[in-house]
Amino acid sequence: MLEIINVASVPQRSPFRYPGGKTWLIPAIRQWLTSLTITPTCLVEPFAGGGIVGLTAAFEGHVDRVLFAEIDPDVAAVWKTMLNGQAKWLADEIVSFQMTHDNLARRLAMGGNGSLRERAFVTILRNRVSRGGILAPGAGVVKKGENGKGLLSRWYPATLKARIEAIARMRYKLEFIEGDGLALLESTRFERGTVFFIDPPYTAAGRRLYTYNEIDHEALFDIARRLTGDFLMTYDNSLEVRKLAERYRFALREVPMKSTHHEQKTELLIGRDLNWLPVGDRSFV
């Protein structure tokens, strides 16, 4: 079994605290990208969320270009704002905001206020103060938080400012599309030099974690089968997903991770060939 990765050892590049985020998978992502026979020039991430895989690939020079998509308009507002010249405004707004319960309630009540960048700021606020970073309706706000810090336990203004500004400097490598991930895969599946990191909403917990949580998983596997470039797919460890992997004759491997509640769990890595993973209890279906 692969070892559980200490996420503190991985560079934190995303401003999101994203449920189901893949920071813990970054060492394996690096292994995958460097194992490829043909060095990729582009990475497509159709279900971006916090975008840690695409950001890592861009920042560390694994690819020249990252094309990523997100259908959630609130999350999309953040990416658009960081990449369309409004990153400085967003970073400054975060640094100047005084985090109190009253200020938080007032700003959240204002919503996006009709402005893309305001919507982005409110989304970051909600994401950083909600339990587990969950943005789906009904998500509660942290109470005690880490070490009893309450709302401040995940609110790091200077750090968030630095991450946002770094992403803005890297925007020449980053292309964001607000829209359906399956459509992005279909439109790029013949592109040479392109690889795909596919991290769809969980089949079981997706409804609780994400506002936009329903996709056609069968259709996703069918598109993955027809991709010209290599792909790596991650999924929750469920019987439904295992059966799909078996039906499409994909390689499958369990990998350990820790949930936001620090519970040890396993997720699935799926691809055409997982021989680049460390030798261990590799299993194929």
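Axes are lines fitted to C-alpha atoms, for helices over the stretch in contact, and angles run from 0 to 180 degrees between N-to-C directions. The model is predicted: local features need pLDDT of at least 70, side-chain atom pairs count only at pLDDT 80 or more, and totals for chains, interfaces and linings use all residues. Residues are numbered from 1 along each chain as its sequence is written, and side-chain values use heavy atoms, with hydrogens and water left out.

Helix 8 (residues 181–188) packs with helix 10 at an angle of about 20°. Their axes are 10 Å apart. Helix 8 and helix 10 are therefore roughly parallel to each other. Their crossing is left-handed (the near helix is turned anticlockwise from the far one by less than a right angle; clockwise would be right-handed). Helix 8 makes the contact (heavy atoms within 4.5 Å) through Leu182, Leu185 and Glu186. Helix 10 contributes Ala219, Leu220 and Ile223. Helices (H or I, at least four residues) and strands (E, at least two) are DSSP runs, numbered from the N terminus.

Aromatic pairs number 10 in the structure. Rings of Phe, Tyr and Trp (its six-membered ring) pair if their centres lie within 6.5 Å; planes under 30 degrees apart count as stacked, over 60 as edge-to-face and the rest as tilted. Phe97 and Trp155 form an edge-to-face pair, at 6.1 Å centre to centre and 75° between the planes. This pair links distant parts of the chain, 58 residues apart. Phe97 is in the loop between helix 4 (87–96) and helix 5 (101–110). Trp155 is in the loop between helix 6 (116–129) and helix 7 (157–169). Phe97 counts as buried because its relative accessibility is 11% (buried means under 20% relative accessible area, exposed over 50%, partly exposed in between, with a 1.4 Å probe and protein chains only). Trp155, at 5%, also counts as buried.

Phe221 and Phe250 have ring centres 6.0 Å apart and planes at 25°, so the pair is stacked. Phe221 lies in helix 10 (residues 217–225), and Phe250 in the loop between helix 11 (239–247) and strand 6 (251–258), so the pair ties together parts 29 residues apart in sequence. Both residues, Phe221 and Phe250, are buried.

Note on methods:
Parallel < 35°, antiparallel > 145°, perpendicular 65-115°, else oblique.
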